[in-house]
Amino acid sequence: MNAENIDTNGCSQRDNAEHEGYAKAHRSFNSIWKERNSAQPELLEKILYKDNLNRAFMRVKANKGALLNLLRRNVKDERVIQWIKRYLKSGVMENGVVMETEEGSPQGGNISPLLANIYLNEFDQEYERRGVKFIRYADDIVLLAKSDRAAKRLLETSTKYLEGTLKLKVNQKKSRVVSVFAIRNFKYLGFALEKNEKGIYIRVHEKSWKKMKSKLKELSSRRSCQSIRPALEKIKVFMRGWLNYYGVADMKNRIDVLNSWLYHRIRMCIWKQWKLPRTKMRNLIKLGVAEHYAATIAYSRKKYWYISNNKAVIWALSKERLINSGFYD
């Protein structure tokens, strides 16, 4: 990328469309968060039980008869029932060879998650009847209780119901009793809860944040960033989806810091692509840096990361210029 490529066109408009799956995840997590307004002090110290099923749709076929009976309650067209029955018996293809499946619906199938949700609806109705507050998104279940003792009792009874009545296998390694404010232990759909003197708020879990930064590091790596414009477009697409999903969380200050870090990485990529010292010097001068200062920076032997944080380089490749060149702010 040379200096001429940094144009003054306006940045692309932000795409506000959110995927339906993201919206559902937000609603699931908000079911916990919204209780902050009416919660009593003792209720804020809820104990959480997270029950992760071993791929609920892996067990659907094993419970085929029960599933078909559930479908017949609301689906009166027997042709639909028979079509789903054949779907469950269709098997899977591995390395070009059709293999029979002893249990579970075909992996990657369009209706596999739907069938699992239909089957787990029995769990939802049962625990609503018992008056237990819970959240379920796909096969991730959170049961809420006011005390550690009540939570342990829920852990035992729910496991018994899932494995005994519904014939599902509960992942014991991921099933535990923990406070919803346990920062390290509680993670649900990539989010966590935290509280301060102002109240309770949602934040992005640290593991989700680190995963996002790792992806941005990969996209803006000076080793793989052969052309800055395609890299910027990939970053824009990735961050649009990430922000649409995690936008419900409180992270304004962290986003500001992230932006500064990302601008720094983009400048590093541009500086590397200019390659030769004379090219660097010429482009800095075109961007308004004094000739003697541009020469000092261009012929410096310091590393890309250090030079890209130089005041003159920051001024030459300012935030506004990067945005006008297509960076998604």
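Predicted model: local features only at pLDDT ≥ 70, side-chain atom pairs only at ≥ 80, totals over all residues.
Local features were taken where pLDDT is at least 70 and side-chain atom pairs only at pLDDT 80 or more, while totals for chains, interfaces and linings use all residues. Residues are numbered from 1 along each chain as its sequence is written, and side-chain values use heavy atoms, with hydrogens and water left out.

The protein chain has 13 helices and 8 strands, where helices (H or I, at least four residues) and strands (E, at least two) are DSSP runs numbered from the N terminus. Of the 329 residues in the protein chain, 45% are buried, a term that stands for under 20% relative accessible area (1.4 Å probe, protein chains only).

Strand β7 (residues 191-196) runs antiparallel to β8 and is joined to it by 6 bridges, two strands being paired if DSSP finds at least two bridges between them. A hairpin of 2 residues connects β7 to β8, and Leu193 stands opposite Ile202 in β8. Because 5 of the 6 residues of β8 (residues 199-204) are buried, this strand is largely enclosed by the rest of the structure.

The axes of helix α6 (residues 206-219) and helix α7 (residues 228-246), which are lines fitted to C-alpha atoms over the stretch in contact, come within 10 Å and cross at roughly 165 degrees. This angle makes α6 roughly antiparallel to α7, a description used for angles over 145 degrees between N-to-C directions, on a scale from 0 to 180. Residues of α6 including Trp209, Met212 and Leu216 meet residues of α7, among them Ile235, Phe238 and Trp242, with contact meaning heavy atoms within 4.5 Å.

Definitions and conventions: Buried < 20%, exposed > 50% of the residue type's maximum accessible area, 1.4 Å probe, protein only. Parallel < 35°, antiparallel > 145°, perpendicular 65-115°, else oblique.
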